[in-house]
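This report goes through the structure shown below, from its loops to the way its chains pair. Please keep the sequence at hand while reading.

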2 protein chains.
Amino acid sequence: MFKLLKTSGQVRRGVLKTAHGTIQTPFFMPIATAGALKGLLPSEARELGAEILLANTYHLHLRPGEELIKKAGGLHKFMSWDGPILTDSGGYQVFSLAKIRKLKEDGVEFQSHLDGKTIFLTPEKAMQIQAKLGSDIHMVLDECPAADAKRDYVEKSLALTTEWARRSKKAASKKSLVFGIVQGGMHADLRKRSAEELRGIGFDGYAIGGLSVGEPQKTMLKMIDTTLPHLPVDKPRYLMGVGTPQDILEAVERGIDMFDCVLPTRNARHGHLFTSRGVVRIKNEAHAKSLKPLDPDCACYTCQHFTRAYLRHLFMSNELLGLRLLTLHNVAFYLNLMKEIRQAIKSNRFQVFKNSFLRTAGETDFRSGDV
Amino acid sequence: MFKLLKTSGQVRRGVLKTAHGTIQTPFFMPIATAGALKGLLPSEARELGAEILLANTYHLHLRPGEELIKKAGGLHKFMSWDGPILTDSGGYQVFSLAKIRKLKEDGVEFQSHLDGKTIFLTPEKAMQIQAKLGSDIHMVLDECPAADAKRDYVEKSLALTTEWARRSKKAASKKSLVFGIVQGGMHADLRKRSAEELRGIGFDGYAIGGLSVGEPQKTMLKMIDTTLPHLPVDKPRYLMGVGTPQDILEAVERGIDMFDCVLPTRNARHGHLFTSRGVVRIKNEAHAKSLKPLDPDCACYTCQHFTRAYLRHLFMSNELLGLRLLTLHNVAFYLNLMKEIRQAIKSNRFQVFKNSFLRTAGETDFRSGDV
């Protein structure tokens with residue numbers, strides 16, 4: 001399933017084989033939460049270099065429901081994407097989106113953020129839903145504590161997460177890969193414990209969850225450093241929901257193989273664009289008359305055909321095309337970054353690439369500034 | 001500039017030559033009000049069969065301004081479309097969108113619907129703005145009375161419109177085609193007067209404006225019937241802002257060559273889809289589990305790749321991709337209708353086509369119903 005092609009220090013390059021195709025690692029998964037990449041077609045994501053998409057169990061369960069998707073021939077057919085799909089279990093969304101949630105031994109009861117309906121999600125049900133969706137990689141149901149959760153709470157939560165992982169593994173479909181999710185909050189020893197427990201159960205891959213939830217980057221990196229030595233070298237490692245281009249470079253350096261993040265799509269919709277020279281906030285008056293492309297180093301359709309002045313005009317006019325073109329660019333930027341990272345690892349110059357990238361694009365932390 | 005290739009009764013087929021290419025008539029212009037086709041790329045409109053786009057002087061003057069567009073190399077380059085563009089003069093938008101407007105002998109003073117700024121638009125200025133935009137067909141500034149305007153008002157308004165047409169012609173760029181706009185409200189004799197006066201001035205083409213503003217279809221068709229005999233046969237006739245597929249068929253039958261309308265794009269955003277079997281309102285529960293394509297007779301990307309269930313899911317989830325795919329289909333439907341109309345005229349079966357189309361798709365008036 002997973003084959004390491006090259007290791008240099010902690011940095012790794014490999015291939016992950018799934019039922020719908022093989023993916024080069026390290027990779028980034030554009031997010032199709034509800035089965036759609038915001039304004040983009042799956043075929044466009046593929047042209048940009050996407051080899052796998054991420055969809056969400058929580059969202060698709062609430063709407064339109066896994067039964068319909070199964071009847072439609074599965075999520076691949078439903079959304080017209082024949083490459084690999086990873087589905088998140090819903091654990092994080094229950095934590096971040098649902099109104100009122102009650103953790104029970106057996107699962108989690110919550111109210112849908114759409115209509116307030118009470119839903120009870122168990123580890124087994126999360127796996128069944130994902131099997132019906134027909135995704136290639138299934139994530140176990142976990143509980144994600146807040147960044148500032150007390151140790152007592154995190155420890156109790158972790159016990160539940162491990163137990164749920166055990167039950168998930170048992171309930172998992174044999175047709176797909178199943179990944180465990182390391183939790184443990186911001187506590188190094190609990191992260192270690194979680195990794196060891198999951199490793200004991202045995203999964204096709206291991207995710208690190210519950211990071212990038214408000215903690216400083218330093219803390220996040222420390223948790224990664226603490227966790228990775230306790231995960232098997234020959235299985236893929238997936239850092240969930242992270243992050244900025246800087247975060248990704250730091251994590252690849254530490255041995256992470258897989259990423260997903262809402263930043264490229266969500267930020268595009270807020271006019272926050274990632275470029276090779278740093279962040280462009282397209283609303284800024286400075287771009288109103290700029291006939292330059294968004295990113296002179298980018299080969300995407302947006303940068304090849306339109307000026308900042310035009311893109312700003314569309315954004316200020318709330319034109320759909322603007323959101324589409326900006327989303328396209330940001331996704332292209334992330335996928336291109338991953339391509340460059342893979343090439344750099346291949347040619348033994350990851351450190352050089354990382355330093356050069358951060359020097360040119362990363363004076364700011366990609367969450368502020370404008371060029 | 002305009003060449004009639006075939007006439008059969010009042011029905012006509014021809015070609016209209018512009019600075020950016022030749023267009024087969026009768027044609028429909030997708031609307032890029034602010035220089036963007038809602039969610040679509042110009043290249044996609046071309047693939048669907050669009051040979052000309054419409055943009056709006058009023059909107060582009062307010063934002064981002066014609067000076068910027070001129071600096072950017074003109075509207076074609078700004079929006080990345082190298083085919084013909086027709087720009088509306090802004091007269092209709094001043095009538096329908098602007099807050100507080102004062103008609104004066106010299107022009108119209110109005111408040112921008114964006115920021116309330118006072119703007120004074122004269123016939124000369126409308127032509128200058130269009131010259132700066134660099135569009136291929138310029139429309140004269142007109143005054144558009146409401147459907148229920150009193151005859152006294154319409155008569156006074158018409159005198160102004162004719163005078164403005166005269167001044168527009170004088171101020172017009174020699175590089176583009178200039179069209180006059182027939183007004184006269186719902187008064188047959190005033191429509192005749194307007195047509196004759198414009199013909200006296202002499203234009204490259206003649207539009208009929210001020211229709212589809214709330215009057216019954218019968219009244220609209222009567223106004224067309226009244227007007228056309230007084231326009232030159234060898235110039236293109238453009239019915240502005242009309243209409244449903246039925247309206248278009250009726251108007252082609254009477255000798256109209258050009259159309260534009262917000263219906264395909266605007267209705268798509270409201271989940272109102274035109275299909276060969278009639279209107280589909282995608283929100284309807286009836287489509288929730290439908291694995292049929294939106295329109296089984298349509299070759300567009302949306303109909304070839306997605307089910308109604310998926311499109312409804314995207315629409316209910318407010319996914320950008322949904323609006324894009326629905327817009328794509330509606331524009332494809334209109335452009336395909338025009339293609340079929342042209343083929344039917346060519347092979348002497350326009351009446352047969354019209355009757356067959358209305359029987360299959362048009363039991364309802366395309367403004368209601370669902371299939």
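Helices and strands here are DSSP runs, numbered from the N terminus. With that naming, Gly243(A) is found in the loop between strand E13 (237-239) and H10 of chain A. The model is a predicted one.

## Cis peptide bonds

Gly243(A) takes part in a cis peptide bond with Val242(A), with omega about 15°. A cis bond also runs from Arg63(A) to Pro64(A), where omega is near 5°. Pro64(A) belongs to the loop between helix H2 (57-62) and helix H3 (66-71) of chain A.

Cys261(A) sits in the loop between strand E14 (258-260) and helix H11 (263-269) of chain A. Leaving out residues up to four places away in sequence, Cys261(A) touches Gly241(A), Val242(A) and Gly243(A). Val242(A) and Cys261(A) are 19 residues apart along the chain, and their C-alpha atoms are separated by 5.3 Å.

Is Cys261(A) buried or exposed? The cut-off for a buried residue is 20 or more other C-beta atoms within 10 Å. Cys261(A) has 24 C-beta neighbours inside 10 Å, so Cys261(A) counts as buried.

## Positive phi angles

Ser212(A) is not a glycine, yet its phi is positive, near 55°. Its place is the loop between strand E12 (205-208) and helix H9 (217-227) of chain A. Ser212(A) counts as partly exposed because it has 19 C-beta neighbours inside 10 Å.

Asn348(A), also a residue other than glycine, has a positive phi near 55°. Asn348(A) is in the loop between H14 and helix H15 (350-361) of chain A. With 11 other C-beta atoms within 10 Å, Asn348(A) is exposed.

## Helix H15 of chain B

Helix H15 (residues 350-361) of chain B has 12 residues, which at 1.5 Å a residue should span 16 Å. The end C-alpha atoms are 16 Å apart, in agreement with that value.

Which residues of H15(B) are buried? They are Phe350(B), Lys354(B) and Ala361(B). These residues cover an arc of only 70° around the axis, and therefore lie on the same side of H15(B). Val352(B) and Arg359(B), on the other side of H15(B), are exposed. The cover over the buried residues includes strand E1 (2-8), strand E2 (11-18) and helix H14 (320-346) of chain B.

## Two domains in chain A

The domain assignment divides chain A into domain 1 (2-261) and domain 2 (271-361). Their C-alpha centres lie 27 Å apart. Between them, 23 residues of domain 1 of chain A are in contact with 24 residues of domain 2 of chain A.

On the domain 1 side of this contact, H10(A) gives the largest share, six residues. The residues on that side divide into 13 nonpolar, five polar and five charged.

## How the two chains meet

A rotation of 180° with 0.0 Å of shift along its axis superposes chain A on chain B, with an RMSD of 0.0 Å. This is the relation of a two-fold axis. In chain A, the C-alpha nearest the axis belongs to Leu320(A), 3.8 Å from it.

How many residues of chain A are in contact with chain B? There are 30, and they meet 30 residues of chain B. The elements of chain A that give two or more residues to this side are helix H4 (75-79), helix H13 (308-316) and helix H14 (320-346). H13(A) gives the most, with five residues. By class, this side of chain A has 18 nonpolar, seven polar and five charged residues.

Methods
Residues numbered from 1 in each chain as written. Chains lettered and ligands numbered in written order. Predicted model: local features only at pLDDT ≥ 70, side-chain atom pairs only at ≥ 80, totals over all residues. Least-squares fit on C-alpha atoms with pLDDT ≥ 70 in both. Contact = placed C-beta atoms within 7 Å. Helix = DSSP H or I, 4+ residues; strand = E, 2+ residues; numbered from the N terminus. Nonpolar A, V, L, I, M, F, W, Y, C, P; charged D, E, K, R; others polar. Expected span 1.5 Å × (residues − 1). Buried ≥ 20, exposed ≤ 12 C-beta atoms within 10 Å, placed from the backbone. Arc of directions from axis to C-beta. Domains from an automatic or database assignment.
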